[in-house]
Amino acid sequence: MLRLVLPVACCLLPVACKGLFIAIIRKYSPFFSALTRDWSTFRTGELKFCLLPDFYLQTLIFLINYDILSSMNKDMTPVSLLGMNLEEAGRLCTALKMPSFSAEQICNWLYRKAVSSIDEMTNISKKNRALLAQGHATGRSMPVGRQLSRDGTVKYLFKTRNALFIETVYIPDGDRGTLCISSQGGCRRGCRFCMTGQQGLQGQLGAGEILNQIFSVPEFEHLTNIVYMGMGEPLDNLEEVMRSLEVLTSPWGLGWSPKRVTLSTIGILPAVKIFLKKSRVHLAVSLHSPIPEERQRIMPVEKKYPLKELLHFLKSQDFSGQRRLSFEYILFRGFNDTSAHADALAALLKGLECRVNLIRFHSFPGAPFEGSGEGRILSFQKRLRARGLTCTLRASRGQDILAACGMLSTKNTINRQV
Ligand code: SF4
């Protein structure tokens, strides 16, 4: 209603107060006045014509400004501090006239002490905390759902500020606590064996929302490893993912060794190049078939970014140091689990410092495949090993709560909420 009344009032006002309007326009808007005729020669009869250009221009400007203001009002949600790097925190402190050392204090509270409110940042003065709280928040939000598997795996459901639902999986294993995090709401890549791919892309996550999954699970203190293998293709959200990695591995952030973090991709070559250049965390590539035509049938990405080109690039990189390169291979019964596939895979990876992770497939309603039998999986592994490849068989975790590899989906959750 206000959106309608205000512009109409704006149009009528100058007609009602012609003299005043002319004076105001002349004083404050010389540019637009210059576009119109010489105001001093107006006769009353001409007024409505002479005023028209200027007054509609002013109205237009008003409408634009009003629209901007309205959209700003709509988005009054505070800016998230989570995801900010030290430099950005420094710029924020300068803008708020806070001491420059407060940037480190803010990062320390956010990433080392993992506080969930600005009020807990007690070595920042009360006045400055109040300043910070005007338009900002830590960006922390707790999971809205939790499912516990028989094997101890826990799946969490988070709701983002844009009302996206994402899943995060905590996998305890002896001394290790691995968190599998999401980088997108859904995914647009449409891999045929993946439930996330079936729901399509719902939206991107900001760095703060990616990090919130780590800081807001109850097991935060027990985490030893982070894997970007949850919902979404991380390299389709490159900028925000790189920001989150910077927070995870910087001394002013969480300060983790890059060796504790793995990013998994289907192989978006241009983004892989940037990722390898700008970070030092491990890389895992979803391979799933050494034969291009077959791979394309289950992973449409093969058409645009063929595995062959990716491998050619990876062979030019050095993986002999700390950074690990691995290939994920899900075994589908009768599709990619033959001896010929094992031989072709070994030939393809020849000369690369890498390992292969074999993964059991967990079927879901409507899935076009079934998982290979145990015997076939073991003989596949044996054949790869015989050809000199380091090859592990990943334990299947959280299958009963749909938390295993390829099973994450919030499609039903979204449908329930809409
Ligand atoms: S496997 Fe990864 S890239 Fe493919 S659809 Fe699933 S989430 Fe997307």
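Predicted model: local features only at pLDDT ≥ 70, side-chain atom pairs only at ≥ 80, totals over all residues.

Biologist: OK, switching to the whole chain. How many helices and strands does it have?

Modeller: There are 17 helices and 14 strands. The chain runs to 418 residues, and 36% of them count as buried.

Biologist: Which residues touch the most other members in the largest nonpolar core?

Modeller: Ile106 and Tyr329 do, in a core of 88 residues. Helix α6 (residues 102-112) gives the largest share of this core, six residues.

Biologist: And where does that core lie relative to domain 2 and domain 3?

Modeller: It lies between them, because domain 2 (78-140) and domain 3 (145-417) both contribute residues.

Biologist: What does Ile106 touch?

Modeller: Leaving out residues up to four places away in sequence, Ile106 touches Leu81, Ala89 and Met121.

Biologist: Now α14. Which of its residues are buried?

Modeller: In α14 (residues 307-314), those are Leu307, Leu310, Leu311 and Leu314. They span an arc of only 95 degrees around the axis, so they are on the same side of α14.

Biologist: What's on the face turned away from that?

Modeller: Lys308, Glu309 and His312, which are exposed.

Biologist: And what do the buried ones pack against?

Modeller: The partners of α14's buried residues include α11 (269-278), β11 (282-286), β12 (325-331) and α15 (339-348).

How values were computed
Residues numbered from 1 in each chain as written. Buried ≥ 20, exposed ≤ 12 C-beta atoms within 10 Å, placed from the backbone. Helix = DSSP H or I, 4+ residues; strand = E, 2+ residues; numbered from the N terminus. Arc of directions from axis to C-beta. Contact = placed C-beta atoms within 7 Å. Core = buried A, V, L, I, M, F, W, Y, C linked by C-beta atoms within 7 Å. Domains from an automatic or database assignment.
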